[in-house]
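Hi,

Here is the structure I promised to pass on. Have a look at it first, and my notes follow below.

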Amino acid sequence: RGFDVRRALPPLSVRRCGGDMAAAACPTTRLLVGVPFTSADIGALDRAWRIWDVFPPVRDGAGAASTVGLLFLFNGRCTGSNVNSTSSDACQLVARRLERHGWAAHFAHVHLRGARLEGRSDEYDKRRSRATWTAGPNSMFNLLRVHARRLSYHHLLQLEPDVLPIRSGWLQRVGCIAATSDAWVIGSSLVANCSHDSRTGRCEQDLPERFAGHINGNAIYAVGDDAFAKYAKAIRHGATRHLPFDLALHVLREGLRQPERRQLMHRFQHSSFVLNMGTELPDVRGLQRSHKSTYLVHSSAFGRLSAGALRALFAARAGGADPASGNASSPHRTTTHSQEKRGRREVALDLAPLRRASSPGRSTVVAFVAGGGYADLCRNFVQHAEVAGIQYLLLVALDRTSLRALDREGREILDATHLVALPEGASDTFGSAAFFAANGARYRVLLEMLRAGYHPFVLDLDVVLLSDPLRWLAEQGSAVQRHELLVQSDARDGISQRESDPGLVTQRLGLQQGSSWTYANGGVFYCRSTPRTIALFERVWEALSNAERPPNEQDMLNRELAAGQGLSWALLPTQSFPNGFVYFRRPVPTSGKPVLVHANWIDGVREKVHNLREAGLWRSQMSPLPPRRPLQDRLLSLSTDCDLTGGGRCDLHSSFQSLRNALALAHVLNRTLVVPRFPLQRRSPRVLARTSSHFLDYSSFASHFPSHTARGPNDESAVETPLRVHLDVGLNDSPPPEAGFVSVGTPAATSAPPPLEELLAPFSARQEIQLSTALRRFATPPRSPNARREVARRLARGLKLAPRLMTVAHEAQATIERLHGEYDCFDASLSTEYATVLRGGAGLSNISQLAGAASQRLSGGKHLALVVGGPHSQSDWELVLRSIGRAAPIGAFVNHWLVTNYDTHDSNKTEALAGVETEVCTHARLVVGNFAAASTQEICRRRRWAAQRKGKRTRRGLRTLVLPCVDALGRELPHELDELLLG
């Protein structure tokens, strides 16, 4: 490996140290504090330095130490070697901000240099997609080490921007430890309960055993020791060169022979002067009490907190006092930046429109408008407000496009276009810098309103007003008037109004691991003008202003609310103010209509319009956005009366079978499909029909099937009564006469698809043809081979599972594979819908027969069998377990915080769960099921699509992978139906 431990080590010696080291004066060492950073870290540096103000490096009035230096190493280019000669914008920014802090005087020398890294040498990919994923941090550490030696320093303390002090005098403590130790590396291993895996998103409790004891890179290094220099150089070659440098230092030692490892043991010293908390947000006060010798804490969670939230975290948990000295932190140190912010000249807003649009109690409904892409939502918002009788309404224009559009319609407008420079249409793109800039400008306007004594009820444009929220406030009386802030819940569970997803609670908000939070929505809230609400939004505005990258202002608001600060706030009741997930995905029991509906939790304007139209909440009929149906369009729709003939079931899979065939038929007939709600079963009150986007990825669906529309309960788009048609292909599934269907076709049994264009030709002049759901029992391919391939391609790519359900499926699949490795799937559906067209095998009679037959085809307990599609009773489930043995339902592998993505308030066994089961079974080793059931056919179809996507291209063309899918009873579909139904 290029390192000889026998040559590097001097003869062993023992040195005694008597007395209390803390009380005795420490010997001096030449120490360099090295801070590596990128342009993305400047905001984190600024926030960290404010904590340095609270807990300065040196206490007791000590001056500069002649042996201590400070080096900021930028990954890009800086000219010059000191803070006054930089050419990079990032370096100049750091130099200017550094001048604000008095603790810099404690260092004899302050250096600011550029590493000039480029390309692969500057890479840091936490998902580890390439071998060089950590080349950037490794290069920065090596350069810090080299710079320290060249500048004649004997020790280096590496401090990344997410390492913060929790006591004053931390620099003195580090110097003392370094000067009295023979160790090469002094630092902390991971002391948190788990380590966040950036590739899977999970927090792993157990690290690989051979890595568990490695010391984190934020540590003290004996860079002046020649033996350590040789050791550190060795990790840059061989098997350790692609590992993170701190891990490589550990792995290199562990790979040596035992005698050499023993001789190096004392060179790696674990110390609590710094604690590595990984991704966990530490309890600062708890650490100060339990770890008396800890001065520094490393946590990546610090970087996700705004300046205000971070300051509140340390103030709230450290009590605003320096636990090392017992003195309160100097007020001027923590308020300097805020005073500077308030001292800037801000252009005042003309609040005359606000005065005209406010009630006598100075309250008003306020909506912010930016970008042309939201014009239709704005129009829908205003029209609903007019119908609801909203008397006090003000629209705030944040860009010139919106200002011109609103002015043409004669609306009361507050002009805030000078607050932020937004290029034409730039803020239309969700997540763009301009989008976040527009959202940030809202808080600037809100602050002006609050400071002027007004009480705004702030609403997003994707809100539908059904009654006056100000009137609702007046009716509630003292129950809500005692709160300074009333805000809509953004939790998926409308009953508890809490979120426990660690990705949100711990990683994004930085709250304690394992806790839950009443996640507030920043798009719907009522705010009274009080000193505390003004202070709240000043902190949010300050954090937004200081962010170097586009921030999530809703997360910032929640962090501030979590920090406390004495504000009286509460959540608006979900029944009256539901968010988009609660209203469209997981409704709560309610006795009346809500005050408003917020169409959030829905991606993109087009999908919002689709959901609002299906819910009967879309009034902007002149919208050019799809799904809009031109009046001359000819329509094709599906009946919502699901037939139950032939042993059929009205479940999600049967409904999707109908949808798939209807999409193909609409393509053949050149008609626009009216997308129904699913599942298609009006007769069963047990199952609540949902919009198609509840189950499907609407973005993919709309891009591959643009000729579609939606119809709400109050939609007047049907200008004539649809003609109800049943296509009879000899399966004895005609609807009853009272249903009003016209049957066409040949009643003789046949497995070949009928000439549908000819069958429906007599009705070509009708504006709308409505088909019975028995359409699902045969395929309707176009005659042309090219058209067939095109329809098949669109079906495969356009009918994807909804993103939130896909998240559940991926998490469940990952958990199963982590615990059990490869797995099988058993579809226990007892449907006999397609039994008449199957060949061979035995007929299906009961669950005992199906489970017994399936056990013969499964792996005999070698692989876990995931049971889907039932059984629904406890006795049936016990029977399946006895027959198969090693079996489990999918619910056993879904994290509790993800169950909300598919369940209802009274059941976990929903149609959305059926979609999750299908996706997980798509990737199973083997699927055994019931070919007479639509659910097994759906799983097998998606497995074929997946096999084609994963197939490898050879010289002879595409080689399709084989993903086995068999019938438990040994039956087969006829070849022609096998291709049409499953292909």
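**Salt bridges and cores**

Arg50 and Asp46 form a salt bridge through their side chains, at 3.2 Å from N to O; the term covers a side-chain nitrogen of Lys or Arg within 4 Å of a carboxyl oxygen of Asp or Glu. Please keep in mind that this is a predicted model, where local features need pLDDT of at least 70, side-chain atom pairs count only at pLDDT 80 or more, and totals for chains, interfaces and linings use all residues. Residues are numbered from 1 along each chain as its sequence is written, and side-chain values use heavy atoms, leaving out hydrogens and water.

Both Arg50 and Asp46 sit in helix H2 (residues 42–54), four residues apart, or about one turn of the helix; helices are DSSP runs of H or I with at least four residues, and strands are runs of E with at least two, numbered from the N terminus. Arg50 is buried at 11% relative accessibility, and Asp46 is buried at 4%. Buried means under 20% relative accessible area (1.4 Å probe, protein chains only).

Arg586 pairs with Asp903 in a salt bridge, with the closest N and O atoms 2.7 Å apart. These two are 317 residues apart and link distant parts of the chain.

Now for the cores, meaning sets of buried Ala, Val, Leu, Ile, Met, Phe, Trp, Tyr and Cys residues joined through side-chain atoms within 4.5 Å. The largest nonpolar core has 73 residues, of which Val725 and Val920 touch the most other members. Helix H23 (residues 652–669) contributes the most to this core, with nine residues.

Best wishes

Terms used: Buried < 20%, exposed > 50% of the residue type's maximum accessible area, 1.4 Å probe, protein only.
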